Amino acid sequence: MSVYEAELVVDRREHAADGVLALTLRHPLGEELPAWEPGAHIDVLLGPDLERQYSLCGDPADRQVWRIGVLREPEGRGGSAYVHGELRQGDKVRVRGPRNNFALEPAPRYRFIAGGIGITPILPMLAAAEAAGAQWTLLYGGRTRDSMAFTEELGAYGDKATLAPQDERGLLDLGSVLDDLPEGTLVYCCGPGPLLDAVEERCPRGRLRVERFQPKDQKTGPDSEFEVVLERTGHTLTVPEGVSVLDTVRAAGVEVLFSCTEGTCGTCETDVLEGTPDHRDSVLTDEERASGETMMICVSRCRGERLVLDL
Ligand code: FES
């Protein structure tokens with residue numbers, strides 16, 4: 001599977017809100033960038049062992065540039081500190097992707113809910129919903145108005161987009177959006193874990209699509225040893241307790257793509273040929289989990305003694 005990877009130039013670096021930078025990336029030779037759809041993200045390779053995922057939040061029709069929004073996270077693992085502190089206009093940065101785990105499915109009606117930097121994947125979805133003539137509303141929360149990015153762009157949508165800074169309006173009124181959902185409405189939500197958990201609790205199953213930037217707390221089974229057979233490369237390996245399938249496979253010299261290693265980005269998704277995965281990721285939907293056709297090998301394990309993977 002070949003995935004686009006290139007060194008792009010930081011074309012613009014703009015203040016988008018308190019603690020949020022908008023970076024516009026361009027190919028140094030002006031080459032077109034791969035096509036993408038709303039909900040897609042890219043991996044930004046900031047250094048050895050420093051890879052982060054950022055949602056594309058520009059215009060998919062503009063193949064010359066990609067735009068991402070980066071929140072400064074003082075408690076983060078160094079990616080945002082690097083972008084905010086060191087990455088300058090004109091610098092080069094290596095990127096991979098795009099990949100989409102949060103695609104906008106066709107629907108007559110949408111409810112979009114965004115918390116903080118979770119507005120980034122939602123932004124191009126609004127434009128797409130608008131262009132498709134769908135009925136939609138956005139409820140967008142943030143700590144304060146100044147911390148909320150892209151509010152000027154949202155102003156163009158009038159009262160379809162409701163801004164709800166927490167210091168002015170308290171916690172998001174999810175009931176106003178999720179109770180009595182009209183037939184055919186899909187709900188798209190991105191933001192901090194507690195917001196996603198609250199929305200998941202309130203929204204009818206099957207209607208909700210979420211994207212998590214942090215791994216979801218999972219109730220998992222025992223972390224016991226099992227066997228994994230790699231059908232294409234002919235390896236039979238033992239995945240010990242406490243070691244991931246990904247690490248086991250890599251240790252055997254088999255090359256696999258991965259990025260976040262915490263079950264949020266979807267890069268390591270692998271086809272399952274036999275066996276039942278013990279899903280521990282934050283990407284797959286309930287239906288995808290139940291089908292057992294694929295798994296994220298960076299975190300997920302086996303509900304039995306043996307898995308056969310398409311590797
Ligand atoms: S590497 Fe990101 S989900 Fe596995």
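View 1. Strand E14 (269-274) and helix H8 (286-291) each bring at least two residues to the negative patch. Helices (H or I, at least four residues) and strands (E, at least two) are DSSP runs, numbered from the N terminus. This is a predicted model, where local features need pLDDT of at least 70, side-chain atom pairs count only at pLDDT 80 or more, and totals for chains, interfaces and linings use all residues. Residues are numbered from 1 along each chain as its sequence is written, and side-chain values use heavy atoms, leaving out hydrogens and water. The patch members are Glu269, Asp271, Glu287, Glu288 and Glu293. Patch residues have over 30% relative accessible area and no salt bridge, with like charges joined within 9 Å; a salt bridge is a side-chain nitrogen of Lys or Arg within 4 Å of a carboxyl oxygen of Asp or Glu.

**View 2. Glu293 sits in a loop.** You'll find Glu293 between H8 and strand E16 (294-296). Glu293 is exposed, at 53% relative accessible area (exposed means over 50%, buried under 20%, partly exposed in between, with a 1.4 Å probe and protein chains only).

View 3. Most peptide bonds are trans.

**View 4. Phe150 has a positive phi.** Its phi is near 65 degrees. Phe150 lies in the loop between strand E8 (135-142) and helix H3 (151-155), and is buried, at 7% relative accessible area.

Note on methods. Patch = residues over 30% accessible without salt bridge, like charges linked within 9 Å, V, L, I, M, F, W, Y side chains within 5 Å. Areas by Shrake-Rupley, 256 points an atom, 1.4 Å probe, with all protein chains shown as cover. Lys, Arg positive; Asp, Glu negative; His and termini not counted. Charge placed at Lys NZ, Arg CZ, Asp CG, Glu CD.
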